[in-house]
Amino acid sequence: MEALLTMSPQALIAQLLIGLINGSFYAILSLGLAIIFGLLNVINFAHGAMYMLGAFFAWLALTQVGTWIGSPDISISYWLALLLAPLAVALLGMALERTLLRRLYKLDHLYGLLFTFGLSLFLEGIFTQWWGAAGQSYPVPEALSGAVRFEALGVVLPKYRVWVVFASLLVCLLTWWAIERTRLGAFLRAGTDNPRLLRAFGVNVPLMITLTYGFGVFLAGFAGVLAAPVYQVSPLMGTNLIIIVFAVVVIGGMGSIGGAIVTGLALGIVEGLSKIVYPQASAITIFLIMAIVLMIRPSGLFGKTA
Amino acid sequence: MSNANSKNGLRSTSGVPMLKVDDLHAWYGESHILHGVSFEVREGEVVTLLGRNGAGRTSTLRAIMGMTDRCKGVIQVRGQDITTMPAHRIAHLGIGYCPEERGIFAGLSTEENLTLLPVVAQGGMSLDEIYEMFPNLKERAKSQGTRLSGGEQQMLAMARILRTGARLLLLDEITEGLAPVIVQRLADVVRQLSSRGYTIVLIEQNFRFAAPLADRHYVIEHGRVIETITKAELPSKQGVLDELLAV
């Protein structure tokens, strides 16, 4: 605590913003997980692998596509990859949902969890086999290189990291708006509540489930592309993150859209602050909070009580 | 009654029932719950499915709507077989379903619940017409659907299927647990719908509610129809009916 009190305001703000960056990844990933769990009732353990795929697809698009098509000069830029890589992840996710995951809906949650865990190991294994376990670097796009000075706060931050926070918040808010304020979102909310009845009313729920899974993993792929220039692009990059993201979803409340966003951002900041107060405990802060929340409010901070 | 139907092309072909169920068997998982239900409803008729709790009335409606795990036999709507049709396509044949538990979506407001269902045929009621029929719903339009009173939720469950243009309505226990004044209100609504040419299959425990409304009654027991009583036969068969429905 003394460290916190003696820290300069600039350093504190910088640390908070770093927490916000981590929180942005937590928010966007837990949002995808919450959407998928809400409608499919599947605990998607493959979400980390989908995040990894997003980053890898962007890296492959930048560095390998040209070689594959015999024109080494051709590459797909970051901005294009920001759209195309998540789309590719979404298409793969929808194919997996339609062919494999769908068979498990009538079974216990555990089967979905085991399947997606196995899928995650499979995808990570394939990419490790092809590209090795060591990370690949992805350059920061030129337009976002360098730093930006926030005069009012007296801090200087890398432009790219500011962009990550902005893009994540924008996507999270747009997703929240689409779910809570549009007719399409009303179908999703109704389907989350009672999919069988919604289907009897004439809504193609199986298609809705496929599209929802596709959108959930699109978000993971989008986060992966955002993360590529920040972290090393490696087959295991999603493994560590996904455990924290699951904790975020549990704290926010399984299936709660708003809860996933708010909790993701808040826990990123709390984790950032814990690095100042007691760095040794920062790795377990989120899990400690999860344990406390589970004891006091098992349905999560924003979840519906049974 | 039939002008609107004719305009929408919804009039049954002469001689073809609006709904025909023949030797219907259905299962939930391994449980065999219907054992050969047979009945039919002609356009513009109101029929009831009567029986004790657990007799198979609700399961019959759920099987028609494709909500059981498996079914065998014949279900035809205007001559078209729907027994193995995907559940989401059945409603688009012009069928509206009002489930026993009302099925109000908790995450949606009253108005969202009202406007959510896809339009399945032309000629559905407009929001204004619905609000005229159920004024309470207009006052509570922005409230969460599940926060309405039991009677209001029942009105909402009825109203939302009237918006879709469905002309064949499957209504499951719409008076259950409601105050007499609301039951009377719903009886008026069913009577009004019947006079407008809607075809209605009604499940009811409250026989005093159902008797004056229905053209025919089917008594279900152990998953099959065991007695058919027309409106004209009702006075002479009241004793049989009382015996069959006695707990």
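What is the mean pLDDT of chain B, and what share of its residues reach 70 or more? This is a predicted model, so I started with confidence. I found a mean of 89 for chain B, with 94% of its residues at 70 or more. I then turned to residues 1–13 of chain B, where the pLDDT is below 50. That stretch still has 27 contacts in the model beyond near neighbours in sequence. I am leaving their details alone, because coordinates predicted with low pLDDT should not be read in detail. For the complex, I noted an ipTM of 0.88 and a pTM of 0.88 from the predictor.

Next entry: strand β8 of chain B, residues 199–203. Is this strand largely enclosed or open? I counted 5 of its 5 residues as buried, so the rest of the structure largely encloses β8(B). I checked each face as well: Thr199(B), Val201(B) and Ile203(B) are buried on one side, and Ile200(B) and Leu202(B) are buried on the other.

Then I looked at the pairing. Strand β3 of chain B, residues 46–50, runs parallel to β8(B) and is joined to it by 4 bridges. Within that pairing I looked up Thr48(B), whose bridge partner in β8(B) is Leu202(B). Strand β7 of chain B, residues 168–172, also runs parallel to β8(B), with 5 bridges between them. Here Leu168(B) has Thr199(B) as its bridge partner.

Conventions. Residues are numbered from 1 along each chain as its sequence is written. Chains are lettered from A and ligands numbered from 1 in the order in which they are written. This is a predicted model: local features need pLDDT of at least 70, side-chain atom pairs count only at pLDDT 80 or more; totals for chains, interfaces and linings use all residues. A residue is buried if 20 or more other C-beta atoms lie within 10 Å of its own, exposed if 12 or fewer, and partly exposed in between; C-beta atoms are placed from the backbone. Helices (H or I, at least four residues) and strands (E, at least two) are DSSP runs, numbered from the N terminus. Two strands pair if DSSP finds at least two bridges between them. pLDDT is the predictor's confidence in each residue, from 0 to 100. Two residues are in contact if their C-beta atoms, placed from the backbone, lie within 7 Å.
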